[in-house]
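Here is a friendly walk through one protein model, written to be read with the structure open beside it.

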Amino acid sequence: MAESTPQSDKARVSNPQLAVAVSDAQQLLAFAARNGIKLDADLIRIVVKAGAAPAMLEEDEAVFWEKFSRLAAAVAPVSAESIRTMSAPGAEPGLAWWECWKFWKWWGRGRPDAQKTVHTYTAVAFCALFILIIVQTYWAVGSLLVSDIQQKKTQIKEIEIKLLASREISTKSSSGLFEEDRDFWMRQQSASVDKQLKTDKENLEIYQETNYQWLERWNNVAGFAWWTEDVGGAEADPEAFMKENVSSLQTATVLLDILQRYLLPLVYGFLGTCVFILRDLSSKIRFHAFTRASTINFHIRLCLGTLGGLAVVWFVTPEKAAEPFLSLSPLALAFLAGYSVELLFAAMDTMINAFTGRKDTTAKEGKGS
């Protein structure tokens, strides 16, 4: 007995992880008991004995590690780290009262890491949604103005063509009418048509001028029309007024293209990633599987999903997509890419396999085996 104590002390000191493992095993055992997880009686006895013993022989330590492995597998995906992260408060940021302007650090003081992560990503998701609503509304207004301007242009051209046609008096005779009556009747008809067409054209030109004014304000919101000069309307200088309108239309077209190709897919991908993170975070908290490493994974996922929302617009188009994605717009695909980055990876793998023939090679190897 006298020789066993130094040996057990030596074994205890030689493995500094043992004390941590014993503490973890006790936390897992308590979690299993609270949640009704059935465990082997011998496993429970070994864990309780390890916690009560001040030292442990090498044989007992080997038995403990084997039982600890079974305990960890029985309660997986829960771990001792996830239990501590879910319950224990995170590290204090060490802020003084005059540093409360650092809102995020001050707001999370004394809260568990899981709760802080939930609050942080909930706030990020709402910010992303707010930004999306603003950008989408701005894009929709500009797109509506540009579309209406193009439509009014077409209608004005059609009216001008009708005006030219109505001014050409037909020389064909009309049955039952004298020559003088025919000319008078056709002149009256032509004058009536011309008057109506001119009225319609004036109304369309008024609408068109209003559209250009709103389009100029729309460009000013983004700061793309600060260099344009006010020419004072079509009456002051018609040529300069026309050039200004064309410049505003071209600027709006370029800006709409930038928003639709780059900014909106980024925002949609970012929002889709936030939705995925919140859903995954909810699942991890429900099953007590959240750890500090999960936060790192969420940060990486946020970057990948945001970039994936932009990249999927380049690689996947609704016209050439698979059957489930035929009716989806590029922005919907960007949201899906942010929610599930695997979709983008699958599309890229399909493209690479189409050029390298890796899929065919794999299939042949599978048949040969």
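Which residues form a nonpolar patch on the surface? Val254, Ile258, Tyr262, Trp314, Phe315, Met351 and Phe355 do, with about 750 Å² of accessible area together. Patches are built from residues with over 30% relative accessible area and no salt bridge, joining like charges within 9 Å and nonpolar side chains (Val, Leu, Ile, Met, Phe, Trp, Tyr) within 5 Å. Accessible areas come from the Shrake-Rupley method with a 1.4 Å probe, and for residues only the protein chains shown count as cover.

Before going further, please keep in mind that this is a predicted model, in which local features need pLDDT of at least 70 and side-chain atom pairs count only at pLDDT 80 or more, while totals for chains, interfaces and linings use all residues. Residues are numbered from 1 along each chain as its sequence is written, and side-chain values use heavy atoms, with hydrogens and water left out.

**Overall picture**

The protein has 13 helices and zero strands. Helices (H or I, at least four residues) and strands (E, at least two) are DSSP runs, numbered from the N terminus. Of the 369 residues, 31% are buried; buried means under 20% relative accessible area, exposed means over 50%, and partly exposed lies in between (1.4 Å probe, protein chains only). The accessible surface comes to about 23,700 Å², and carbon and sulfur atoms account for 62% of that. Among contacts (heavy atoms within 4.5 Å) between residues at least 6 apart in sequence, 75% join residues at least 24 apart.

**Back to the patch**

Three helices, α9 (238-286), α10 (292-315) and α12 (341-356), each supply at least two residues of the nonpolar patch. The largest share, three residues, comes from α9. Phe315, one of the patch residues, is found in helix α10. Phe315 counts as partly exposed because its relative accessible area is 35%.

**Inside the protein**

What is the size, in residues, of the largest nonpolar core? The largest nonpolar core has 27 residues, and those with the most contacts inside it are Leu215, Trp218 and Leu264. At least two residues of this core come from each of α7 (113-166), α8 (179-221), α9, α10 and α11 (330-339). Helix α9 gives the largest share of this core, nine residues. A nonpolar core here is a set of buried Ala, Val, Leu, Ile, Met, Phe, Trp, Tyr and Cys residues joined through side-chain atoms within 4.5 Å.

Not counting residues up to four places away in sequence, Trp218 touches Tyr138, Val141, Gly142, Leu145, Ala252, Leu255 and Leu256.

Helix α2 (residues 17-34) has 18 residues and spans 26 Å from its first C-alpha to its last, close to the 26 Å expected at 1.5 Å a residue. That expected span is 1.5 Å times one less than the number of residues. Among the buried residues of α2 are Leu18, Val22, Asp24 and Leu28. Just after α2, Gly36 takes a positive phi of about 70 degrees.

**Salt bridges**

How many salt bridges are there? The count comes to nine, where a salt bridge is a side-chain nitrogen of Lys or Arg within 4 Å of a carboxyl oxygen of Asp or Glu. The table shows some of them.

| Pair | N to O distance |
|---|---|
| Arg84 and Asp24 | 2.8 Å |
| Arg45 and Asp42 | 2.4 Å |
| Arg301 and Glu342 | 3.4 Å |

Arg84 in helix α5 and Asp24 in helix α2 are 60 residues apart, and the pair links distant parts of the chain. Arg84 is partly exposed because its relative accessibility is 36%, whereas Asp24, at 15%, is buried.

Arg45 and Asp42 are three residues apart in helix α3 (residues 41-52), so about one helical turn separates them. Arg45 is partly exposed, at 47% relative accessible area, and Asp42 is partly exposed at 27%. Asp42 and Arg45 also belong to a network of salt bridges with Glu66, Lys67 and Arg70.

**One last residue**

Ser82 is found in helix α5 (residues 80-87). With 0% relative accessibility, Ser82 counts as buried. Leaving aside neighbours within four places in sequence, Ser82 is in contact with His288, Ala289, Phe290 and Thr291.
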